[in-house]
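The tour below moves from the whole chain to single residues.

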Amino acid sequence: KTRIVEVGNDAGNPEYYEEAAEILQRGGTVSFPTETVYGLGADATNAEAVERIYLAKGRPSDNPLIVHVDSKEMALRYAANVPEKAIRCMDAFWPGPLTLILEAKEGVFADNVTAGLPTVGLRMPDHPIALNLLKQTDRPLAAPSANVSGKPSPTCAGHVEHDLNGKIDLILDGGATALGIESTVLDMTAEPPAILRPGSITADMIEDVIGQLRVSCEGKRTVPRSPGVKYTHYAPDAPVYLIEQKGDIVDRAIEHLHSKGKKVAVLSADFSKAADYYFPLSADVLYSGLRKCDETSADLILAAIQPEHKKDAALMNRLEKAADHKWFS
Ligand code: TXA
Ligand code: MG
């Protein structure tokens with residue numbers, strides 16, 4: 001059984017991290033909260049430790065991991081030829097939900113962290129538990145989201161326990177995460193730099209700091225060529241369909257599904273009386289909502305999309321993945 005250590009409001013107290021740091025230093029795995037989602041951490045310089053992450057998650061080993069650092073200085077020790085624009089991003093957005101893909105310094109990271117790539121994704125999380133753990137462990141921590149591969153990312157310790165109990169050594173419980181969606185991934189080895197995964201740090205915010213970003217063929221400022229993009233993600237057990245929330249479209253869809261004997265869960269910013277199960281829809285509660293759908297007997301999940309949602313690239317990206325791009329019709 002995985003041990004759970006509850007971290008109180010005095011997150012600066014080093015006692016909370018003694019056991020966790022020891023586990024990490026001898027090659028074990030510890031889940032910890034960040035401002036985005038819970039990560040599953042291991043020493044990024046120890047290949048056997050990193051292997052335990054892939055094993056626990058059931059993650060394909062050609063999908064590289066994000067490495068967490070406690071400062072800009074630590075990042076600069078582990079990256080090579082860091083472009084000036086990357087430094088400006090660190091100064092503007094760290095600590096925070098922005099992962100920078102940089103040239104990896106040779107010979108420091110275990111090969112399985114970068115999945116054999118010459119680059120590494122580095123981020124300094126904006127969470128006292130993550131930062132205190134990094135300081136006390138005194139090494140870079142590889143940490144993907146602490147979910148079973150393909151399931152929604154965990155936004156509280158209970159989600160981690162549900163997915164990984166018995167498969168990892170320890171969970172630091174710091175309550176629910178604030179943002180609920182993974183960091184923006186920005187490739188600084190491209191010129192102009194490219195957003196590989198949208199997150200809370202938006203394209204506009206980044207362009208204000210470093211100028212124009214790469215635009216995809218379809219005119220979008222997300223250029224999804226992260227190695228992990230080809231895998232399905234964030235999917236609950238029942239199929240998810242996106243549906244335009246306009247007039248009575250959602251209610252009519254539910255009526256139609258009921259006539260076929262189907263139970264329907266609805267994720268929407270507006271309460272749905274007609275649905276069998278209702279969960280609110282916004283970025284911070286998306287993953288917990290999808291997980292709650294798994295605990296219902298719903299045959300199908302409708303995610304009701306409003307015009308406001310379409311302006312949120314990160315939220316739409318996760319919803320489209322959860323739905324495998326299916327729209328209800
Ligand atoms: O918010 C987050 O970023 C969370 C918390 C725990 O920090 N972490 C997270 O890690 O989401 P993970 O491993 O689930 O997602 C890593 C993403 C994947 O899309 C991966 O393909 C991409 O970053 N990535 C990592 N290293 C890369 C590299 N060298 N080149 C391109 N993409 C990379
Ligand atoms: Mg993940």
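Among contacts in the protein chain between residues at least 6 apart in sequence, what percentage join residues at least 24 apart? The value is 68%, where a contact requires C-beta atoms, placed from the backbone, within 7 Å. This is a predicted model, in which local features need pLDDT of at least 70, side-chain atom pairs count only at pLDDT 80 or more, and totals for chains, interfaces and linings use all residues. Residues are numbered from 1 along each chain as its sequence is written, while chains are lettered from A and ligands numbered from 1 in the order in which they are written.

**Two domains.** Colour 3–230 as domain 1 and 240–322 as domain 2, bounds that come from an automatic or database domain assignment. Their C-alpha centres lie 29 Å apart, and 12 residues of domain 1 are in contact with 13 residues of domain 2.

Next select strand 12 (240–244) and strand 14 (277–280), the edge strands of an open, parallel sheet of 4 strands in the order 12-15-13-14. Pairing requires at least two DSSP bridges between two strands. Strand 12 and strand 15 (residues 300–305) pair over 5 bridges; one to inspect joins E244 to I305.

**Annotated site.** Now select T36, H68, R123 and S183, listed by UniProt as "binding site" in an unreviewed entry; such annotations may be inferred rather than shown by experiment. These residues span 148 residues in sequence, yet no two of their C-alpha atoms are more than 12.7 Å apart, so they gather at one spot.

Centre on T36, in the loop between strand 2 (30–33) and strand 3 (38–43). T36 is buried, with 27 other C-beta atoms within 10 Å, and its contacts include P97, T177 and S183. Finish at S183, in the loop between strand 9 (170–173) and strand 10 (184–187). S183 is buried and touches, among others, T36, R123 and G199.

Terms used:
Two residues are in contact if their C-beta atoms, placed from the backbone, lie within 7 Å. Helices (H or I, at least four residues) and strands (E, at least two) are DSSP runs, numbered from the N terminus. A residue is buried if 20 or more other C-beta atoms lie within 10 Å of its own, exposed if 12 or fewer, and partly exposed in between; C-beta atoms are placed from the backbone. Lists of a residue's contacts leave out its neighbours within four places in sequence.
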